[in-house]
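Here is a short note for a colleague opening this structure for the first time. The points below go by topic.

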Amino acid sequence: MAVSAEDIRILKEVEVGSNVLASVIVPAYNEEAGIGFVLDNVFQAVDGRCEVLVVDDGSVDATSLIASRFPCRIVRHVQNRGKGEAMMTGLRHAEGDYVIFIDADGTYPADFIPQMIDLLATSDVVYCSRSSGRDNIPFLNRIGNQVFHNTIRCAYGFQGRDYATGLYGIRRSHLEGMDIVSSGFAIEPEIAIKASRMKLRVHDIPIEYQPRKG
């Protein structure tokens with residue numbers, strides 16, 4: 001269920017240029033240790049084609065305060081609603097034709113964002129797949145991700161190498177057409193399954209997964 005207007009606070013707005021092509025959305029929940037690092041790297045990587053939107057999913061720490069030091073838009077859920085809800089709130093407030101999601105914990109390299117934007121001109125979905133650094137993923141998570149990856153590859157023909165990555169981009173029109181229902185972390189497999197059913201063109205970029213901050 002979509003978050004109602006009463007449950008959302010606009011904490012900060014910035015002027016969005018008419019040439020914005022991509023919206024970089026950073027869903028964050030109690031990420032005061034990583035959000036500054038992530039936004040610093042994002043703003044070093046992006047250019048005038050991008051806007052940056054932080055969705056604070058009801059944090060009880062300094063996540064929003066730290067994010068406010070950067071030239072990004074900030075939207076906040078009054079209560080924690082889950083990663084999926086935060087991502088969809090970001091989508092509803094985004095201006096770009098392309099939507100790029102990046103986790104707020106410092107584990108993903110933001111410098112790939114310009115390449116992702118370029119690839120979305122000819123692809124429908126771009127995944128930054130964790131080809132190295134997987135030792136930084138908890139063991140049980142690695143096992144669970146692999147099992148589910150094999151399932152959606154066999155059952156739905158998923159083309160990507162890492163459905164659970166926290167750095168990926170998709171054309172806004174496709175994401176809106178998916179009618180996402182997941183409110184939590186199940187949003188990633190839902191997007192992967194629906195992208196497969198829609199026969200979207202998928203491109204993979206191999207990346208190194210970094211240790212979590214905080």
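1. Tyr108 and Tyr209 are both buried; buried means under 20% relative accessible area, exposed over 50%, and partly exposed in between (1.4 Å probe, protein chains only). The model is predicted: local features need pLDDT of at least 70, side-chain atom pairs count only at pLDDT 80 or more, and totals for chains, interfaces and linings use all residues. Residues are numbered from 1 along each chain as its sequence is written, and side-chain values use heavy atoms, with hydrogens and water left out.

2. How many aromatic pairs does a search of the whole structure find? There are 5. Rings of Phe, Tyr and Trp (its six-membered ring) pair if their centres lie within 6.5 Å; planes under 30 degrees apart count as stacked, over 60 as edge-to-face and the rest as tilted. Tyr108 and Tyr209 form an edge-to-face pair, 5.2 Å centre to centre with 70 degrees between the planes. This pair links distant parts of the chain, 101 residues apart. Tyr108 is in the loop between strand 5 (98-102) and helix 4 (113-119), and Tyr209 is in the segment after strand 8 (202-208). Helices (H or I, at least four residues) and strands (E, at least two) are DSSP runs, numbered from the N terminus. Elsewhere, Phe101, Tyr127, Phe158 and Tyr168 form one aromatic cluster.

3. Two rings carry a charge over the face. Arg130 lies over Tyr209, at 5.3 Å from the ring centre. Lys213 lies over Phe37, at 4.3 Å from the ring centre. The rule asks for NZ of Lys or CZ of Arg within 6 Å of the ring centre and within 35 degrees of the ring normal.

4. Now the cores. A nonpolar core is a set of buried Ala, Val, Leu, Ile, Met, Phe, Trp, Tyr and Cys residues joined through side-chain atoms within 4.5 Å. The largest has 35 residues, and Val24, Ile35, Leu39, Val42, Ile102 and Ile113 have the most contacts inside it. Elements giving two or more residues to this core include strand 2 (22-28), helix 1 (35-45) and strand 3 (50-56). Val42 touches Val24, Val52, Ile102, Ala110 and Ile113, not counting residues up to four places away in sequence; contact means heavy atoms within 4.5 Å. A second, separate core has 30 residues, among them Ile8, Ile152, Ile191 and Ala192.

5. The disulfide count is 0, with a disulfide taken as a pair of cysteine sulfur atoms within 2.5 Å. For Cys72, the nearest cysteine sulfur is that of Cys50, 13 Å away. Cys72 is buried, at 0% relative accessibility. Cys128 is also buried, at 0%.

6. Check two backbone angles. Most residues other than glycine have a negative phi. Asn30 has a positive phi of about 50 degrees. Asn30 is in the loop between strand 2 and helix 1 and is partly exposed, at 28% relative accessibility. Asp179 also has a positive phi, near 50 degrees. Asp179 lies in the loop between helix 6 (172-177) and helix 7 (187-197). At 58% relative accessibility, Asp179 counts as exposed.

7. Last, Tyr163. Is Tyr163 buried or exposed? Tyr163 is buried, with a relative accessible area of 7%. Tyr163 sits in the loop between helix 5 (139-156) and strand 7 (167-171). Tyr163 and Ile152 are 11 residues apart in sequence and 9.0 Å apart in space, C-alpha to C-alpha.
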